[in-house]
Amino acid sequence: MPGVGSWLAEGGYLCLLLGLALSVVILFDGLRQYWRPRGAARAGSSIALALLLSGAMLILLLALALNDFSLHYVMSHSNSALALPFRLAAAWGGHEGSLMLWSLSLAVWQAIAAWRWRGKGLRRKGLTLALGSIIQVALLLFIVTLSDPFARQFPAPLDGRDLNPMLQHPALLMHPPLLYLSYAGFLFSAAQLLAGLFCQTAPVALARLCLRNVAISWSLLTAGMILGSWWAWSELGWGGWWFWDPVENASLLPWLTGIASLHALVVMRRSGHLSRSATLLVLATGLLTLLGTFIVRSGILMSVHAFALDEMRGLPLLALFALLSLGALSAFAVSAWRYRRMPDGPAPSVWLVGGLWLFVASALVVLIGTLFPILYRLTGGGQISVGAPWFNLVLLPFALVGIALMLAASRRGRWPTWLAHSGVLVCAAGIASAALLKQEVSILLMPGESVTLAGYRFTLQETRLLAAGNYSAEQLTIGVWRDDTVPIATLRPERRFYSVRGQQMFEPDTATNGWRDWYALVGEKPAPGRYAVRLYVQSGVRLVWGGGVLMLLGAAFSGAGRKRQ
């Protein structure tokens with residue numbers, strides 16, 4: 001495609017600039033519609049913004065596909081030997097591209113809403129778009145000034161630095177888009193609830209309008225977390241699916257408050273009770289997504305997921321989070337009095353309310369454990385980390401009480417509620433079995449040598465050298481037998497070397513029968529022909545992901561039932 005490189009970056013940057021200008025227009029137009037409603041709602045500006053940002057993302061994808069290394073972003077996160085799917089997924093594998101994806105996700109949410117609202121009354125719709133546009137303007141302003149994905153560099157290098165090897169996993173194709181769509185959905189729902197407060201919309205009617213959006217956002221986040229935990233299981237090489245890493249916690253926080261928001265909105269829709277609580281919870285969930293942005297991209301916390309950045313961009317992100325949080329909470333404080341009239345319907349059960357606030361308490365525990373290292377560092381205490389032992393110990397009582405309250409609250413629930421709650425129980429069973437039944441061994445093996453673990457014999461059969469795309473690898477073949485006679489599985493872990501980055505990765509391999517998993521990881525090679533191997537026999541870990549799927553199905557059927565009603 002000759003000549004594309006001469007206009008690619010400039011066209012993408014122009015789309016961002018036009019998107020920023022159009023976001024300002026939508027902001028002021030929405031405020032005008034709120035103060036002086038006239039005519040019917042229009043969808044053109046919001047749809048045009050989504051198209052502009054989609055155009056910018058498509059241009060970045062095209063630059064990655066064509067290996068346009070004159071773009072600093074492409075040079076930093078891609079390589080000509082990288083497989084095409086990973087070259088395209090690199091569009092959100094770096095700081096600048098992921099922020100643009102988030103901005104696009106928010107634009108898509110607003111465009112869909114504006115399309116559905118066209119021809120209807122203006123006031124609440126206009127204010128919702130205006131509040132969402134405040135976040136959009138802030139994001140786009142940050143992108144075009146400090147995180148431009150279309151910045152040029154001259155002279156252009158012959159090849160790129162390659163994508164971080166840890167990101168070269170199939171989950172990269174869908175995990176970040178799911179998370180950003182969910183984050184944008186929570187922010188849009190928060191704007192919708194605040195606008196309803198200012199416009200004095202009846203609590204029951206407002207809950208009906210917002211419940212579906214919150215449910216979709218939570219479902220997208222759940223799907224993204226399931227995919228992310230599978231990614232950690234199959235890539236990080238420590239035989240686990242959750243590490244209590246700060247970036248993992250950044251997605252767990254809105255997931256917990258999102259569950260509380262869903263239950264509070266259900267109560268609000270039925271009777272008008274918990275109106276202020278539901279609004280505040282959705283607002284807090286949206287703000288926690290912004291906090292996650294700061295944690296991931298500020299570089300202030302060490303993480304295997306975080307985008308390591310200089311503080312020049314971390315401080316503006318902190319200022320952005322602080323200003324948006326202060327503004328949103330102030331808006332809630334000013335408008336919350338509008339729900340002072342007593343609800344008409346019956347009060348919710350104590351079991352449901354107790355479970356709701358238990359999720360909030362759990363989120364506070366995770367928040368404290370995540371932010372404590374930051375506060376400790378800022379007070380001059382040095383580097384410190386809060387890991388899995390602390391989180392597991394502190395959250396265990398919350399989990400046990402939460403399960404008991406959930407079972408009590410489900411007595412009169414509909415079958416989709418039972419399905420979702422059964423998913424929680426299945427997931428809890430998977431977590432418990434994965435923690436209690438895990439067996440492992442670390443050993444040095446040569447070809448032909450064996451070791452027995454949990455009644456299974458693992459034999460290192462052979463090794464071979466591989467060359468694939470942007471890396472070379474030494475692959476081990478490990479056979480697994482039961483009772484020394486029954487073949488169970490063949491595992492092929494690898495020691496990979498990514499030559500462009502000069503980085504070594506240890507790629508694990510797993511096999512499963514649904515309940516039990518056999519897991520192998522090859523490490524260093526301390527002597528010729530001898531390999532450090534770590535082996536695991538894990539039971540029940542698949543229940544974690546199966547429970548997540550049941551939760552998703554329960555939420556989907558519940559949403560379908562509400563739509564029919």
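## Strand pairing: E8 and E9

Two strands count as paired if DSSP finds at least two bridges between them. In this predicted model, strand E8 (residues 509-512) and strand E9 (residues 516-522) are joined by four bridges, and therefore meet the cut-off of at least two. The two strands run antiparallel. One of the partners can be named: aspartate 509 has alanine 520 in E9 as its bridge partner.

E8 and E9 form a hairpin, with three residues between the two strands. Glycine 514 lies in the turn and has a positive phi of about 105°.

Within the pair, isoleucine 443 stands opposite valine 533 in E10. As a general point, strands of a sheet pair through backbone hydrogen bonds, either parallel or antiparallel. In a regular strand, side chains alternate between the two faces of the sheet.

## Helix H8

Helix H8 (residues 203-235) has 33 residues. From its first C-alpha to its last, H8 reaches 46 Å, close to the 48 Å expected at 1.5 Å a residue. The helix bends by about 35° at cysteine 210. Just after H8, glycine 237 takes a positive phi of about 85°.

Rolling a probe the size of a water molecule over the atoms shows where empty space is left. In this model the count is one cavity of 30 Å³ or more. The largest cavity holds about 80 Å³ of space.

Which residues line the largest cavity? They are Leu99, Trp102, Leu139, Phe142, Leu290, Thr293, Phe294, Leu317, Leu320 and Phe321. The elements giving two or more residues to this lining are helix H5 (95-117), helix H6 (123-146), helix H10 (275-298) and helix H11 (311-335). By residue class, the lining of the largest cavity has nine nonpolar residues, one polar and no charged.

Definitions and conventions. Residues numbered from 1 in each chain as written. Predicted model: local features only at pLDDT ≥ 70, side-chain atom pairs only at ≥ 80, totals over all residues. Heavy atoms only, no water. 1 Å grid on protein atoms, 1.4 Å probe; cavity = no way out; pocket = protein on both sides within 12 Å on 5 of 7 lines; lining within 4 Å. Points joined across faces, edges and corners; volume = space filled by probe spheres on them. Nonpolar A, V, L, I, M, F, W, Y, C, P; charged D, E, K, R; others polar. Expected span 1.5 Å × (residues − 1). Bend = angle between axes of the 7 residues up to and from the residue.
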